[in-house]
Amino acid sequence: MTTLEEPVTAVRTVTAEIDGRAVTVPEGTSIYDAAKQVGIDIPVLCHNERYDPVGVCRMCVVDTGGRVFAAACVRPCEDGMQVRTSTPELERNRATLTELLISDQPPRAEDPKQTTTGDNLLLDLADRFDVAKETTDLPCGSGRGVDSSNPVIEVNHDACILCDRCVRACDDIQGNDVIGRSGKGYSTRIAFDLNDPMGASSCVTCGECVQACPTGALTNKAINNIPIRPREELDAVDSVCPYCGVGCALTYYVDRSRGAIAFAEGRDQPGSKSRLCVKGRYGWDYAASPQRLTVPLIRKESSYPKGPLSADVRGDADNDRGRAGAGGDRSGGGRSAKLSKNGKDGRRKPGGLVDYDEVLPHFREATWEEALDLVARRLKEIHAEQGPGAIAGFGSAKCSNEEAYLFQKLIRAGFGTNNVDHCTRLCHASSVAALFEGVGSGAVSTTYGDVANAEVVIITGSNPTANHPVASSFFKQARRRGTKIIYVDPRASTVAEHADYHCQVKPGTDVAFYNAVMHEVIRLGLVDREFVKARVSGFEELVRTVNDYPPERAAQITGVDADLIRTVARVWGEAKAGVIYWGMGISQHTTGTDNARCLIALCSITGNVGRPGTGLHPLRGQNNVQGASDAGLIPMFFPDYQGVDREAARRRFEEAWGVELDPNRGLTVTEIIGSVLKPGGVRGMYMLGENPFLSDPNINKVRKALSQLDFLVVQDIFLTETAEFADVILPASSYLEKEGSYTNTDRRVQLGRKVMDPPGQARVDWEIIQDIAQRIGLDWSYSSPSEVFDEMVELMPSYANLRHANLGLTGKLYPNDDPEHSDGTVVLFDERFNTDDGLAHLVPAHWLPAKELPDAEYPLVLNTGRLLEHWHTGSMTRRSYALDTISPIAEVYMHPKDAADRGLSHGQMARVRSRRGAITLQVRVSHREQLGNCFIPFHFREAAANLLTIDEVDPYGKIPEFKFCAIQVEALSVEDAEPLSNMGSV
């Protein structure tokens, strides 16, 4: 196992004298950095240690005895150099420069930064040199203007000093290349793209430029009228971002007098290094939504027989007409469709949120005692009458490790069943199946930051600029430093613009592509024979399989030119170190396990595992999908992937928990939904923070299953589509309202800290789970999440030695032998794999076509996925002002020719239909799509993509086929194409 400490190499040093002090530093060290080492402060404006120095502001100039002063941030120290940093002449120059800059600034009382965060560095220098706008005789220039087009960032060009910090933040750190300069002379100003307004440019609103700006030129706007104030006036809470699996470290600045977050910013951590994306920096206000659930709810007797309650979830009007034509099921669980107040035909208008006015009348408020007693009684009755297999639980990757552990323990120890799962079944279940089979571990073998040590990386089936934007910033940085990027994906996402090679495969042809690459690696003699001989099994069978996939055959299947396949094979095979990063474009197929098997084999035969800059990394989707899986929130494993069907593991947990446990693997998410529709199947369910109505495939089937449950309890922070089918709804806590640990895609275990109290009577999730456990007879008495974590660690060897107390502010990677002194293990499998024999097991795969192929009626292929601004089913992000404002509408992305062939234009409304249903949404003509392929994000309930998707699953990982189904897109009639109003945005 590798911790990646800095290599010890001989470094040439130089000795300089700075203000009379001798300083010995490595050759190439700047005067500024050398002075800092001995406590000498040199003022700067354009310089920040996170960015490459440019020396444009000249504030840091020093006297080196040369003809002109030298900028300390860019001038390196030299042997024998004598430096003076604060002579009277230098101080006069700095004062004059400050006066020149301050003369053009807004008045202090109106300065955008000074009146918010109060940290305008230019004003600090003005105070130091005793100059002020109000006292200078210099003329004031103005008129470069203010740009308010971005919903959360204000641009004041008159406050800009052209230090280029924002340019370097955008280019060097985030790799977005949006900001530059325009104009000449005094009219020069920062520009977005081709001098577009910021809100109309390709800016992704990551806010890195705001964090970089030393003046009031770039500032955050207040969100929800919570004023931004100086940090010292606010309560700083160090926590972790609640969105994707990257797990960025951030600080929330809380206005306690208003009970709300004022702003957030990134903080240092070995992984994210102070970076954030738009969701982390601006997407936290969902927790303060007035639509939070604040009191337990029980379904009224008059609202039985049970079924969907809103027109959208019933599927009235447009979607019903689409289903009728497609032969889909229209079950409403006993409830009939009715005319809607929003339209004579009952059609609901899009807007993204459950209509509370339509749903809440079907529930009554209850006390916690009444609600919890009812939950426990009904689940116990179902368990007693129909057995353990009649109970199932869906947990959440949004909850903490401790909550995931308690939830799966409740289902297993309290109800005697392994029918417990969570959204990993919908994202990387097939990857985990292949990884366990191949290398004996479902976790990543190296980090996203290890890309810096790779000569080449393959990014496949992923759009990290949208799905893992901070991780993608490290990929883009590595590319600038010489790492070659091979991008393999059906869509030409923005990653393709940074790649050396883009292999735009046809959807569902990954196995054929990677078999061809391995065919060429083997033919060219680029196999690491020593590694294969010592650490790999199954190589000969792999050779026999890939022999059937020469590049010419693969080109016919994949659409990728044979010569490009050969080039990719050579680049990968000749590299000394390579990492494969992949996303759900690999896993969300009926052949997802086979896809991942190919990636494991490609890394293994070239020896690209177990060293810095090598490895296998499935980029995790949700913030705690890794931790929830580690904690046992999956039907075939106890915590730490100890098989429920392994007697030794089962005995260990039986002894620890004091109960007899089920020796059989439980049902997965999709199997549970199917089981509900069968006699003797699942009858009672506990859903914690999951919304399968939108997240699962084939919504018609999910609707029917949820309607047929005898009892459903939903624990969530909002009224979701799934909650419409509930008998009891329990108001839960958001991420921001509780303590707990979360494990990111790198295996980094971090603490999420409480920012504020839950609203109303809403309670912390782990306490609710414990209350239910006690009511069904379990003797639980946990007093804190840290106590739960300690119990987990005792049963999870991978987490050995970790405690809340030693996770600190930056978390720790696991495994970790000494968390008090070490960040943990970066690279796994340096000596052996986690398989029983210590070898990597290669499992060859033949290419198989998708389960549902296009035909004359449904000639297009649908791919679903995420947008940068949104998250999962949208219940959080569509209640965030910034995120919903930037991306408010559902769209189908189409190739220009596909749109033109159907008489469709950009922005036009269209109907998309499959064999399962139809949705109506706006057309987005996109050069990123292949001919014959469409992309629809799945965040929008008013155009629910999973109404279209097929529920065929991978036979090993049981993951649905979200990335391939046959559809048709057609123009709407004049009547149907009327403008649609908003149903419930906030």
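**Cavities, strands and a helix**

Analyst: This is a predicted model. The lining of the second largest cavity has eight nonpolar, 11 polar and five charged residues by class. This cavity holds about 340 Å³ of space. It is lined by 24 residues, and the closest to its centre are Ser 396, Lys 398, Gly 689, Asp 716 and Met 876.

User: What makes Met 876 a lining residue of the second largest cavity?

Analyst: A lining residue has an atom within 4 Å of a cavity point. Met 876 is among the 24 residues that line this cavity, so Met 876 has an atom within that distance of a point.

User: How many cavities are there of 30 Å³ or more, and what is the volume of the largest cavity?

Analyst: The count is 12 cavities, and the largest cavity has a volume of about 510 Å³. Its lining consists of 37 residues, with Met 584, Gln 588, Thr 864, Gly 865 and Lys 963 nearest its centre. Strand E19 (484–488), helix H21 (584–587) and strand E33 (860–865) each give two or more residues to that lining. The largest share, three residues, comes from E33. By class there are 14 nonpolar, 18 polar and five charged residues.

User: Why is Gln 761 called partly exposed?

Analyst: The relative accessible area of Gln 761 is 40%. Buried means under 20% and exposed means over 50%, so Gln 761 falls in between and is partly exposed. Gln 761 lies in the loop between E30 and H28.

User: What is Gln 761 in contact with, leaving aside its neighbours within four places in sequence?

Analyst: Gln 761 is in contact with Thr 294, Val 295, Pro 296 and Trp 368. Gln 761 and Leu 730 are 9.8 Å apart from C-alpha to C-alpha, and 31 residues apart in sequence.

User: Why is helix H28 described as mostly covered?

Analyst: Eight of the 11 residues of H28 (765–775) are buried. Among them are Trp 766, Ile 769 and Ala 773. A buried residue has under 20% relative accessible area, so Trp 766 is below that cut-off. The buried residues of H28 pack against several elements, including helix H10 (368–386), H11 and strand E26 (684–688). After H28 comes Gly 777, with a positive phi near 105°.

User: How do you know that E29 and E30 pair?

Analyst: Two strands pair if there are at least two bridges between them. E29 and E30 (748–752) have four bridges, in the antiparallel sense, so they meet the rule. Gly 740 stands opposite Gly 752 in E30.

User: What makes E29 an edge strand?

Analyst: The open sheet has three strands in the order E29-E30-E31. E29 (740–743) and E31 (812–813) each pair on one side only, and they are the edge strands. Helix H11 (401–415) packs on this sheet and touches E29 and E30, with its direction at about 95° to that of E29.

User: Which strands pair with E34, and in what sense?

Analyst: E34 and E36 (918–925) pair in the parallel sense over four bridges, and Glu 891 has Gln 922 as its bridge partner in E36. E34 and E37 (933–937) pair in the antiparallel sense over two bridges. At least two are needed, so the E37 pairing also counts.

Key:
Residues numbered from 1 in each chain as written. Predicted model: local features only at pLDDT ≥ 70, side-chain atom pairs only at ≥ 80, totals over all residues. Heavy atoms only, no water. Contact = heavy atoms within 4.5 Å. Axes fitted to C-alpha atoms, helices over the stretch in contact; angles between N-to-C directions. 1 Å grid on protein atoms, 1.4 Å probe; cavity = no way out; pocket = protein on both sides within 12 Å on 5 of 7 lines; lining within 4 Å. Points joined across faces, edges and corners; volume = space filled by probe spheres on them. Nonpolar A, V, L, I, M, F, W, Y, C, P; charged D, E, K, R; others polar. Buried < 20%, exposed > 50% of the residue type's maximum accessible area, 1.4 Å probe, protein only.
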